[in-house]
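Me: Hi! Could you walk me through this one with me? I have the sequence and the model open.

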Amino acid sequence: MYCQLSAGKRDSQGLNTEVTCIIADAFVVPSLFVAQKLNVPWIPVWPPLSCSLSAHFYTHFIRRKCAENNAKDISLDFLPGLSKMRVEDLPDDVINGGEGESLFSKTLASYSEVFPEAKVVVMNFFEELDPPLFVEDMRSKLQNMLYVGFLTLSIPLLPLPPSENDETGCLSWLDKQKSTPVVYVSFGTTVTPPPHELVALAEALEESGFPILWSLKDHLKGVERTSDYGKIVPWVPQTQVLHRLYNFPGFATGCRYMISLLNLEESMCTK
């Protein structure tokens, strides 16, 4: 493979097939070794939340800190850009090392060594929204760092699929609420608040008096009461729902990175 790529031969149509640069997902670290073999620039793209990179650059320091204090409830105020978080908020891949450490965890911990080899690290975010201390710290460690906004953003937005695909009927229900503000609630399917918190939220939403659109995988006791003045469905076409943000007084979400990006993206393009 290396020999074929580095030969710089022309294909049957006369096009130059020489590789001059490798742009890859930052999680595919072996792409660096290919770039080094071919002696071409390596440009990793970091898709997750940009300031999360700080945790991977300081993984070994974090583990030492945990070992010294024998606790995970300490603040991350020693990490640029993550001072509002605690060690226990970090993924296990960052905190746990040792003999049982997974290959993925070792890969994440290697970023402080491999990323400085990159010609430029591309960030899927806006520099203006990142903590200045994080930006300053990363720029001091990397050759170059380039913010490109949302890699998934297309302006104008791509046409939405027809509403006829709405199996749960939430879009048609939402369209009927144009003159009435609606609260949209979605925590995703990976992490869901405990039942007592969902019940408390349902009670608060009921008191608000607003119609509710709630994407909830499992109907829990005490939550179905909201169906009397709203709609509870197991899944919603999120892009289409967010595209109707013109009359939303509230959006309750787990603030996962991709949904936050999608929310910002839709808001930017529909205002």
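**Around Ser 50**

Me: Where is the place of Ser 50?

Reply: Ser 50 lies in the loop between S2 and helix H3 (53-57). Helices (H or I, at least four residues) and strands (E, at least two) are DSSP runs, numbered from the N terminus. This is a predicted model, where local features need pLDDT of at least 70, side-chain atom pairs count only at pLDDT 80 or more, and totals for chains, interfaces and linings use all residues. Residues are numbered from 1 along each chain as its sequence is written, and side-chain values use heavy atoms, with hydrogens and water left out.

Me: Thanks! Is Ser 50 buried or exposed?

Reply: Ser 50 is buried, at a relative accessible area of 0%. Buried means under 20% relative accessible area, exposed over 50%, and partly exposed in between (1.4 Å probe, protein chains only).

Me: And which side chain joins Ser 50 in a polar contact?

Reply: That is Asp 130, with a polar contact of 2.5 Å between the two side chains. A polar contact is a pair of N or O atoms within 3.5 Å; within protein, one must be able to donate a hydrogen and the other to accept it, and residues adjacent in sequence count only if both atoms are side-chain atoms. Beyond neighbours within four places in sequence, Ser 50 is in contact (heavy atoms within 4.5 Å) with Met 123, Phe 125, Asp 130, Phe 134 and Tyr 147.

Me: What about Phe 126, where is that found?

Reply: Phe 126 is in the loop between S3 and helix H8 (132-141), and is partly exposed, with a relative accessible area of 26%. Neighbours within four places aside, Phe 126 is in contact with Tyr 147, Gly 149 and Phe 150.

Me: Now the strands. Why is S2 largely enclosed?

Reply: Five of the five residues of strand S2 (residues 42-46) are buried, so the rest of the structure largely encloses it. On one side Trp 42, Pro 44 and Trp 46 are buried, and on the other Ile 43 and Val 45. In a regular strand the side chains alternate between the two faces of the sheet.

Me: Which strands pair with S2?

Reply: Strand S1 (residues 22-25) runs parallel to S2, joined by four bridges, and Ile 23 stands opposite Ile 43. Strand S3 (residues 121-123) is also parallel to S2, over two bridges, with Met 123 as the bridge partner of Trp 46. Two strands pair if DSSP finds at least two bridges between them.

Me: Switching topic: how many residues has the largest nonpolar core?

Reply: The largest nonpolar core has 41 residues, and Trp 42, Leu 53 and Phe 115 are among those with the most contacts inside it. The largest share of this core, four residues, comes from H2. A second, separate core of 11 residues includes Leu 171 and Val 236. Such a core is a set of buried Ala, Val, Leu, Ile, Met, Phe, Trp, Tyr and Cys residues joined through side-chain atoms within 4.5 Å.
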